Each structure stands twice: as structure tokens, then as C-alpha cells.
Amino acid sequence: MKVKLFNVRLAFPALFESKAVNGEGDPRFSAAFIFPPNHPAVAEIERAIEAVAREKWGAKADSVLKTLRSTLKICLHDGDKKAEYEGCTGNLFVSASNKARPRIVDRDNTILVQADGRPYAGCYVNAVIDIWAQDNKFGKRINASLGGVQFYQDGDAFAGGGIASEDDFGSLEDGADAGEFV
């Protein structure tokens, strides 16, 4: 069931290159989307979870969902359980992935490439995910497939980087040795 997320915070983006989680399994494109508990997306995601569960498990949906929620096998997560990660505390997040590369666009719907530098972890995006129920040899879960991400607006980048400013380097033209800053 397709769900559109508007103005949510992007975390752990693997949007331009697929990556294996902890070096295990098939590489996938993925991201997490963070939002406050009162965000309109929460009700929409919950409705989608209920609908795909009922479609998959029928009369057993309530008991299956109760088990899945208690074992954290649903794509919607409590950010407090990941408090060690910036932006999660006090929020909810949904994890989504896909073997196929998602559509990544700018505000004007033009295609973005990695060299554009956005979207990045900490910025705000709109996203399209598809929530679905899994019931196979790997177990029962409610997952989200990542369909696309649209850059919405800048936000404070999450830890793990940034770029050097003009003031971080001195000029080497002034006779400074390569091992010292001016």
C-alpha cells in the first residue's frame, strides 16, 4: 500500500549506491524517515499497516500484528529505542529499502545525482514508500519498500561529516610548509 510522507527528516540514506546491512545480505537502497509522533504520516502508516495485515492474515491479523509489534518486526519504529542516533529521541521513524534504485529528485522534480550533495542525512524530504506484509521462510513482518525521495529543504546535517570551510585552511602560497597551517 503506497504511502506518501511529507516534510520528514532523512537518516541513514543509501540512495545512490546500494549497500548491504552490516555487510550481510543483498545490497539494497535504503533510508529511514524521522518524524514527531503527532506527524500526519503516523496515522497514514498505521492505516496501511492494518490494511496489509488484514489482507495477508485475515481474521488472524490482530494477533499477528500484536506479535510483530512486540518483536519489533514492523517498519514503524519508536525512535527512543535508537536514542544513540541523532534525531531519533522523542520521534518515530520508518525504515524502507529496495533492491531497485529509487527515484531521487529535487524540489522542482528534476533528477538528482550523488554529486549534487542532496538529499543528505539530516535534511527534510518527501518520500514515497510501499508498505507490505511478508509471510515466507524468512518469517512474518510488515516492511516498507522505498520508491522515491524528493529533497524538500535543508536541515542540520547529522553527525559524521560536513565539509571544511574557507577558514579551515591557510594559503600555501605564503611559504608555509605542507605540514603546518598558516
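Cysteine 123 has a relative accessible area of 0% and is therefore buried, where buried means under 20% relative accessible area, exposed over 50%, and partly exposed in between (1.4 Å probe, protein chains only). Cysteine 75 is likewise classed as buried, at 4% relative accessibility. A search of the whole structure for disulfides returns zero, a disulfide being a pair of cysteine sulfur atoms within 2.5 Å.

The model is a predicted one, in which local features need pLDDT of at least 70 and side-chain atom pairs count only at pLDDT 80 or more, while totals for chains, interfaces and linings use all residues. Residues are numbered from 1 along each chain as its sequence is written, and side-chain values use heavy atoms, with hydrogens and water left out.

The protein chain contains seven strands and two helices. These elements are DSSP runs numbered from the N terminus, helices being H or I of at least four residues and strands E of at least two. Along the sequence their order is β-β-α-α-β-β-β-β-β.

Contacts describe how the chain is brought together. Counting contacts between residues at least 6 apart in sequence, 65% join residues at least 24 apart; a contact means heavy atoms within 4.5 Å. Of the 182 residues in the protein chain, 35% count as buried. The chain exposes about 11100 Å², of which carbon and sulfur atoms supply 50%. Such accessible areas come from the Shrake-Rupley method with a 1.4 Å probe, and for residues only the protein chains shown count as cover.

Most residues other than glycine have a negative phi, and most peptide bonds are trans. In this model, a cis peptide bond joins arginine 118 and proline 119, with omega about 0 degrees. Proline 119 belongs to the loop between β5 (103–105) and β6 (124–136).

The loop between β5 and β6 also holds asparagine 109. Asparagine 109 is a residue other than glycine with a positive phi, near 75 degrees. At 43% relative accessibility, asparagine 109 is partly exposed.

Where does asparagine 7 lie? Asparagine 7 is placed in strand β1, which covers residues 2–21. Its phi is positive as well, near 55 degrees, again in a residue other than glycine. With a relative accessible area of 34%, asparagine 7 is partly exposed.
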